[in-house]
Amino acid sequence: MDDGRPIFLQIAEQIENSIIDGSLPEETQVPSTNELAAFHRINPATAAKGVNQLVDDGVLYKKRGIGMFVSPGARAKLRQRRRDQFAEQYLQPLLAEAAKLGIHPSELKSMIERYEAEASA
């Protein structure tokens with residue numbers, strides 16, 4: 001909890017990561033804002049801001065008097081959003097740099113495949 005981004009965004013991202021990796025399946029209750037606040041030693045209002053952002057995004061929903069739960073379809077929604085962000089954040093700059101260096105897309109593909117083979121060996 002110290003990468004320079006607002007803490008509430010980090011809380012929201014941690015919950016998103018748990019949904020994406022399957023440790024918080026759909027229809028599962030998420031930790032309460034008080035539990036999150038105690039665990040991270042932050043103000044409950046800060047934890048609530050992160051959770052409420054996920055409610056606003058349709059990732060979580062509230063059962064009155066019970067708590068917050070993972071919405072149906074949340075994992076697919078988050079994965080698609082992250083895929084879109086991945087393309088913008090990594091692929092566009094990669095392709096731009098490759099073009100500057102005169103690396104053709106097919107050569108770039110070969111480089112990726114070679115790297116992947118070495119990493120899995």
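Arg5 comes out as partly exposed, because its relative accessibility is 31% and that label covers the range between buried (under 20% relative accessible area) and exposed (over 50%), with a 1.4 Å probe and protein chains only. Its side chain meets that of Glu13 in a salt bridge, 3.3 Å from N to O. Here a salt bridge means a side-chain nitrogen of Lys or Arg within 4 Å of a carboxyl oxygen of Asp or Glu. Glu13 is also partly exposed, with a relative accessible area of 31%.

Before going further, some ground rules. This is a predicted model, so local features need pLDDT of at least 70 and side-chain atom pairs count only at pLDDT 80 or more, while totals for chains, interfaces and linings use all residues. Residues are numbered from 1 along each chain as its sequence is written, and side-chain values use heavy atoms, leaving out hydrogens and water.

Back to the charges: the salt-bridge count comes to six. One of them pairs the side chains of Arg81 and Glu16 at 2.3 Å, N to O. That pair ties together distant parts of the chain, since Arg81 belongs to helix α4 (residues 74-100) and Glu16 to helix α1 (residues 7-20), 65 residues apart. Helices are DSSP runs of H or I with at least four residues, strands are runs of E with at least two, and both are numbered from the N terminus.

Lys100 is exposed, with a relative accessible area of 67%, and Glu97 is partly exposed at 38%. Elsewhere, salt bridges with shared partners join Glu16, Asp57, Arg81 and Arg82 into one network.

Now for the rings. The whole structure holds two aromatic pairs, meaning rings of Phe, Tyr or Trp (its six-membered ring) with centres within 6.5 Å; planes under 30 degrees apart are stacked, over 60 edge-to-face, and the rest tilted. Phe86 and Tyr90 make a tilted pair, because their centres are 5.1 Å apart and their planes lie at 40 degrees. Both are in helix α4, four residues apart, which puts about one helical turn between them. Phe86 is partly exposed at 44%, and so is Tyr90 at 46%.

Rings also meet charges here. The charged end of Lys49 sits over the ring of Phe8, 4.3 Å from its centre; the rule asks for NZ of Lys or CZ of Arg within 6 Å of the ring centre and within 35 degrees of the ring normal. Lys63 likewise lies over the face of Phe69, 4.4 Å from the ring centre.

Lys63 brings us to the strands. Its bridge partner in β2 is Gly67. Strands β1 (residues 60-63) and β2 (residues 67-70) pair in the antiparallel sense over four bridges, where pairing needs at least two DSSP bridges between strands. Three residues lie between the strands of this hairpin, and Gly65 takes a positive phi near 80 degrees.

Last stop: His40, in helix α2 (residues 33-40). His40 counts as buried, at 17% relative accessibility. Its side chain joins that of Gln14 through a polar contact of 3.1 Å. Such a contact is a pair of N or O atoms within 3.5 Å; within protein, one must be able to donate a hydrogen and the other to accept it, and residues adjacent in sequence count only if both atoms are side-chain atoms.
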